[in-house]
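Have the structure open as you read.

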Amino acid sequence: MSTAAVHSLWTTAAASADPISKIDAPKIEYGQLSPTLIVLGAALVGVLVEAFVPRKNRYYAQVFVSAVALCAAFAAVIALAAGGYGTTKAHVAAMGAISVDGPALFLQGTILLVGLLGVFTFAERRLDPAAHGNRVDSFAAQAASVPGSDSERAAVKAGFTTTEAFPLLLFAIGGMLVFPSANDLLTLFVALEVFSLPLYLLCALARRKRLMSQEAAVKYFLLGAFASAFTLFGIALLYGYAGSVSYARIAQVVDGTVTDVDPALAGTMGNDALLLVGAAMIVMGLLFKVGAVPFHMWTPDVYQGAPTPVTGFMASATKVAAFGALLRLLYVVLPGLRWDWRPVMWAVAIVTMLGGAVVAITQTDIKRLLAYSSIAHAGFILAGVIATTPSGISSVLFYLAAYSFVTIGAFAVVTLVRDAGGEATHLSKWAGLGRRSPLVAAVFAVFLLAFAGIPLTSGFAGKFAVFKAAAEGGAMPLVVVGVISSAIAAFFYIRVIVLMFFSRPHPEGPTVAVASPLTTVAIAAGVAVTVVLGVAPQYFLDLASQAGVFVR
């Protein structure tokens, strides 16, 4: 057939068809999405800084851009909350993709503040002795060079630093801001990847013990890829079940209130097998991110191998984002499935609380001990999630805010205790620390007491809130298990305090490095939040309860 004939057929077919309807431009509320847009815009600026700014100026430019962006984004969150977007004006923005409501703004504000403290710990350059006259930070001189190779030695000698860590951190924070506010499953998955991929890279960038760091990153990447695959498969099954990836639409199909059914999807819609398996797979992916048993196996190895500033940021901010997404999924999409998911979550919460607390007793490395501690805390927070009441939501929000500051402060203290090989993380090295450096030991003791849930710390207020919500929600046996787990956990926290203050220091033991004002601010902020939320928690509990209403 000639080209002319084909062309005439095509034009005839086009002419006979209906005129193409106008495609509407998407309606994006840029002001309400401004916190995320500011952070992601700053991350792109950071990439350009790496490309165009001279190497000796990059560190200062990156720290400035990161800190200013996070402060501006936090100011935007405050402005949105003050404008009523957390309460009366809460709605779904970006054509149904993003929720702007109380829980989203509360969690975004927490992530941004923790991210700012994370930038301060990333930027610390006074803890290690100078190499060839250049100050060094926690990150490899040149990430692409093989550990111990000539190229690595040349990079150290030339004074190179991996300043790419700052834009990676901003990309991770940007993904975390979207994750708890996502209002459809595709946005949820894109946000999951946007914050996970930078974390995989950051875990591999340690200056000391690079092989252990790279091993941790590979483990995290492989297990994270499996978890992402489960999540994506679950999204596909839920789409087959409901004919939509929108949270509201899936909730309507679950409740049986949907009216307009697409004939092409009528065959699979309402198939309970698709719903149960799909929901289980997505929840599995989120439980991997929070480090709940039995999806916790990556946590101790990754926390131990990653650079400690990265561990501190990851341990605090990832939990906030992942629990926010889990809350929205269970309370907005699957409230009609409550009788199906609650028994499973009961089992997960019990084994997470007991497993984290019992295994932590056997640990001899301070970072692994804090890793198992974080697993136990995931179980405590799940007790609040299981409550399925408004007080359950607000108690989880409060606990996440309190826990994140304690965690980033504790890991910042870990960076200060050093010997010739870098950070001294073996517990035996911490013996007598209270005599060698009473202030640092006292600060770390405050954080440990908060983890243990001792009164007058934020940990006690948080645990009391989630256990009270769980008891009111009919989960009294879970509260009993939680209290027993807390008692077990208190043993190993207090064991570390006894080791620091009542043991004889070794003559050749580690020293406590004098930190720059950056790490000092991060630790001081952690202590301040721990004490204020412990002594006067009511204002913040009220704030969390005001912010505890999801837009549907």
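## Spaces inside the model

The second largest cavity holds about 60 Å³ of space. The model is predicted, so local features need pLDDT of at least 70 and side-chain atom pairs count only at pLDDT 80 or more, while totals for chains, interfaces and linings use all residues. Residues are numbered from 1 along each chain as its sequence is written, and side-chain values use heavy atoms, leaving out hydrogens and water.

A cavity is a set of points on a 1 Å grid over the protein atoms alone where a 1.4 Å probe fits but cannot get out; a pocket is an open set with protein on both sides within 12 Å along at least five of seven lines; lining residues have an atom within 4 Å of a point. Volumes are the space filled by probe spheres set on the points, which are joined across faces, edges and corners.

Around the second largest cavity you will find Glu124, Arg125, Arg126, Leu127, Asp128, Val136, Asp137, Ser138 and Arg418. The count is 7 cavities of 30 Å³ or more.

The lining classes are set out below, with Ala, Val, Leu, Ile, Met, Phe, Trp, Tyr, Cys and Pro as nonpolar, Asp, Glu, Lys and Arg as charged, and the others, Gly among them, as polar.

| Space | Nonpolar | Polar | Charged |
|---|---|---|---|
| Largest pocket | 17 residues | 6 residues | no residues |

The largest pocket has about 640 Å³ of space. Its lining has 23 residues, and Phe74, Ile78, Phe106, Phe540 and Leu543 are the closest to its centre. Helix 4 makes the biggest contribution to this lining, with 6 residues. Helices here are DSSP runs (H or I, at least four residues), numbered from the N terminus.

The largest cavity has a volume of about 80 Å³. Among its lining residues are His377, Tyr399, Tyr403, Phe451 and Lys463. Helix 15, helix 17 (438-452) and helix 18 (458-472) each supply at least two residues of that lining.

Now to Thr407, which sits in helix 15 (residues 390-414). Thr407 is buried because its relative accessibility is 1%, where buried means under 20% (1.4 Å probe, protein chains only). Its side chain reaches the backbone oxygen of Tyr403 at 2.8 Å. Leaving aside residues up to four places away in sequence, Thr407 touches Gly312, Ala315, Ser316 and Phe451, contact being heavy atoms within 4.5 Å.

Note on methods
Buried < 20%, exposed > 50% of the residue type's maximum accessible area, 1.4 Å probe, protein only. Polar contact = N/O pair within 3.5 Å; in protein donor to acceptor, adjacent residues only side chain to side chain.
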